[in-house]
Amino acid sequence: MTVRIDSATRNQLQEWEKELETQYQRICQHELNLDLTRGKPSAEQLHLSDRLDGILNGDYRSPDGIDTRNYGGLDGLPCSRALGADILQVPTEEVMAGGNSSLTLMYHAVLTGYLFGFAGTKPWREMAAPKFLCPVPGYDRHFTICEQLGIGMVNVPMTATGPDMDTVEKLVREDQEIIGMWCVPKFSNPTGVTYNQDTVTRLAQLGQVANPGFRIFWDNAYAIHDLDQHVNLPSIRSATIENDTTDSVIQFASTSKVTHAGAGIAFVSASSANLDSLKKQMQAMTIGPDKVNQLRHSRLFPEFTLLKEHMQQHAEILKPKFECVLKHLENAFGDSDLGSWEKPHGGYFISFDTRPGCATEVVRLAAEAGVKLTPAGATFPYGKDPENRNIRIAPSFPPLEELDTAMSVLVLCIKLASVREQLQ
Ligand code: PLP
């Protein structure tokens, strides 16, 4: 049944509600226990990297002759930095290979700007109201970092080609206390959008007008997580070189969704001035990263082509799951006015925008029917979705049959919540 809300009469809406309510009650009796919240790899994906265990086989020397069992080397192993350079498509000298989490590196980078300032610029904590631009919907953990440090957040809408750049440029020009911006430039979390050339160029130009301490946090978490054809993300590094703003961007990536999640290697890439600032802060808290684990990864992927083949195996597992979600959305809403979504070609999420005011109710209805969804608002700073519309769908973890059932429930809940909202 296709529900077009805007052109429906009140009588039609009441009939639809009755029909949907009957279907919903029937589903509730099944006592499902399904989960669409977990943006993490499935066990099948994790198995792809199980060779990591034991791969060193007693040989702890890196290709450069470093005994990885011992202390030292804040920058990480040269072979690991080269792996990060391949992933981020930047020169190895501009990469540090760190511990198990890029989020940790991002936290340290924000802390560096906040406490000490990057590259000789004023520490953000000395400003009256330092704030970050936050493309929304976005990654909740980015927002948590700002919230914890008392850094303000300003929402910027995401479009199909990246953040709304007219808004970004206006805000940066008008407010010199905007000192940072979060970006997930490829297969964005959660919309799945990849920034286009115009967006990347305009972002690189911000450094010409922003506060000198302004930094873009380029979280390229899904740099190599293509599902089918390769999607090209224009190089932010080249764009900053062309615009003489190389200090304005700090890039991040990790192997968390490549090998074992939370047990891989994280990378940061930036100008030497930025890396020096970051290292000054980090060297007080660590002697260096886990080089043994770094070496394991280099043994698993001695060549970048092997890493790319490995990612194709991930894609083969993930693709049917993305197709399942998109098929449900298209069948249910392709010809309706109940919501909109992007069709990602990679990454870990699909995000659905309901009609205004419906997301919380959809999440509640789904929970009562046994399908757990990420709380409405979680993809916005302070957990507040001003229009109460966004729902993040994470298809990677559940088996395909469970995902299929969960999506049937979700679709029904969206219809029911939308019709009820209109009847109010
Ligand atoms: N950045 C984004 C956009 C993510 O979606 C995630 C995990 O979901 C992370 C970073 C976390 O990465 P890591 O495991 O390297 O800390």
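Modeller: Happy to! Let's start with what covers the buried residues of helix α7: the cover includes β5 (162–163), α6 (165–174), β7 (215–219) and α8. Keep in mind that this is a predicted model. Helix α7 itself spans residues 197–205, and its buried residues are T199, V200, L203, A204 and Q205.

Helix α8 runs over residues 236–242, and S238 lies in it. S238 counts as partly exposed because 14 other C-beta atoms lie within 10 Å, and a buried residue would need 20 or more. For a sense of scale, take S238 and D290: they are 52 residues apart in sequence, and their C-alpha atoms are 31 Å apart in space.

Let's step back to see where this part sits. The protein chain is divided into domain 1 (10–45 + 308–423) and domain 2 (73–302). The C-alpha centres of the two domains lie 29 Å apart, and their contact takes 25 residues from domain 1 and 28 residues from domain 2. On the domain 1 side, α11 (304–333), β11 (350–354) and β13 (390–393) each supply at least two residues. Of these, α11 gives the most, with seven residues. Sorted by class, that side of domain 1 has 13 nonpolar, seven polar and five charged residues.

There is also a ligand to find. It is surrounded by 13 residues, and the closest are S101, S102, L103, S254 and S256. This shell is made up of five nonpolar, seven polar and one charged residues.

Two packed helices are described by the angle between their axes and the distance between the axes. For α1 (residues 10–28) and α13 (residues 400–423), the axes come within 9 Å and cross at roughly 145°, and the crossing is left-handed. Among the residues that meet there are L13, W16 and L20 in α1, and V409, L412 and L416 in α13. By class, this contact has 10 nonpolar, three polar and four charged residues.

Conventions. Residues are numbered from 1 along each chain as its sequence is written. This is a predicted model: local features need pLDDT of at least 70, side-chain atom pairs count only at pLDDT 80 or more; totals for chains, interfaces and linings use all residues. Domain bounds come from an automatic or database domain assignment. Two residues are in contact if their C-beta atoms, placed from the backbone, lie within 7 Å. Helices (H or I, at least four residues) and strands (E, at least two) are DSSP runs, numbered from the N terminus. Ala, Val, Leu, Ile, Met, Phe, Trp, Tyr, Cys and Pro count as nonpolar, Asp, Glu, Lys and Arg as charged, and the others, Gly among them, as polar. A residue is near a molecule or strand if its C-beta atom, placed from the backbone, lies within 6 Å of it. Axes are lines fitted to C-alpha atoms, for helices over the stretch in contact, and angles run from 0 to 180 degrees between N-to-C directions. A crossing is left-handed if the near helix is turned anticlockwise from the far one by less than a right angle, and right-handed if clockwise. A residue is buried if 20 or more other C-beta atoms lie within 10 Å of its own, exposed if 12 or fewer, and partly exposed in between; C-beta atoms are placed from the backbone.
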